[in-house]
Amino acid sequence: MKRSVQREAILNALRSVKTHPTAEELHSMLIESMPHLSLATVYRNLEQFSNAGLVQKVDCGGELRRFDGNIAMHPHQRCPECGRVCDVEDTQLVKLQHEMEKLLPALGCRTLKIELCGVCNHCHSTETQEVTI
Ligand SMILES: [Zn+2]
Ligand SMILES: [Zn+2]
């Protein structure tokens, strides 16, 4: 199997889902169609894609590195119970994120992201969802 074919398959797989998979999850998605694909290859390619700006890393709550095929700036919501990471499609928050970027020089950091932390509906369907910024 050619390297470029594997690279393309990894990138396409990541772009086809909204689940922000880890390298392990992507590997198990692909292993059926590419039995020779190694986890190390997935890791290496994801790092390269991320360095090239083709994908973004989602580092939520210091957990396992998750990856996002959507490189447009958008806030994420993470469930502390199951670790699920979802996109937040809220124009107000996206606006806030842009506003926050103006603070970067004053804060002395390169990036600043909004991460919502809230128990997801799957884990907590009866009580009110708690969301903190
Ligand atoms: Zn959950
Ligand atoms: Zn995302």
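Here are some exercises on this predicted model, each with a worked solution.

Residues are numbered from 1 along each chain as its sequence is written, and chains are lettered from A and ligands numbered from 1 in the order in which they are written. Because this is a predicted model, local features need pLDDT of at least 70 and side-chain atom pairs count only at pLDDT 80 or more, while totals for chains, interfaces and linings use all residues.

**Exercise 1. The overall layout**

Work out how many helices and strands the chain has, and in which pattern they follow along the sequence.

Solution. 
- Start with the terms: helices (H or I, at least four residues) and strands (E, at least two) are DSSP runs, numbered from the N terminus.
- Counting gives 5 helices and 5 strands.
- Walk along the sequence and you get α-α-α-β-β-β-β-α-α-β.
- Now for burial: a residue is buried if 20 or more other C-beta atoms lie within 10 Å of its own, exposed if 12 or fewer, and partly exposed in between, with C-beta atoms placed from the backbone.
- On that basis, 17% of the 133 residues in the chain are buried.
- For contacts, two residues qualify if their C-beta atoms, placed from the backbone, lie within 7 Å.
- Take the contacts between residues at least 6 apart in sequence, and 40% of them join residues at least 24 apart.

**Exercise 2. The largest nonpolar core**

Find which residues make up the largest nonpolar core, and which elements give two or more residues to this core.

Solution. 
- A nonpolar core is a set of buried Ala, Val, Leu, Ile, Met, Phe, Trp, Tyr and Cys residues joined through C-beta atoms within 7 Å.
- The largest one has 12 residues: Ile-10, Leu-14, Ala-23, Leu-26, Leu-37, Val-42, Leu-46, Phe-49, Val-55, Val-58, Phe-67 and Val-85.
- The elements that give two or more residues are α1 (3–16), α2 (23–30) and α3 (39–51).
- The largest share, 3 residues, comes from α3.
- Zoom in on Ala-23: leaving out residues up to four places away in sequence, Ala-23 touches Leu-39, Val-42, Tyr-43 and Leu-46.
- As background, nonpolar side chains tend to be buried together in soluble globular proteins.

**Exercise 3. How α1 meets α2 and α3**

Describe how the axes of α1 and α2 cross, do likewise for α1 and α3, and sort the contact residues by class.

Solution. 
- Axes are lines fitted to C-alpha atoms, for helices over the stretch in contact, and angles run from 0 to 180 degrees between N-to-C directions.
- Angles under 35 degrees count as roughly parallel, over 145 as roughly antiparallel, 65 to 115 as roughly perpendicular and the rest as oblique.
- The axes of α1 and α2 come within 10 Å and cross at roughly 110 degrees, so α1 is roughly perpendicular to α2.
- On the α1 side you'll find Ala-9, Ile-10, Ala-13 and Leu-14, meeting Leu-26, Met-29 and Leu-30 in α2.
- For the classes, Ala, Val, Leu, Ile, Met, Phe, Trp, Tyr, Cys and Pro count as nonpolar, Asp, Glu, Lys and Arg as charged, and the others, Gly among them, as polar.
- The contact of α1 with α2 then splits into 7 nonpolar, no polar and no charged residues.
- Next pair: the axes of α1 and α3 come within 10 Å and cross at roughly 70 degrees, so α1 is roughly perpendicular to α3.
- Here Gln-6, Arg-7, Ile-10 and Leu-11 of α1 make the contact with Thr-41, Val-42, Asn-45 and Phe-49 of α3.
- By class, the contact of α1 with α3 has 4 nonpolar, 3 polar and 1 charged residues.

**Exercise 4. His-20**

Decide where His-20 is found, and whether this residue is buried or exposed.

Solution. 
- His-20 is found in the loop between α1 and α2.
- His-20 is buried because 24 other C-beta atoms lie within 10 Å.
- The phi of His-20 is near 55 degrees, a positive value in a residue other than glycine.
- For context, most residues other than glycine have a negative phi.
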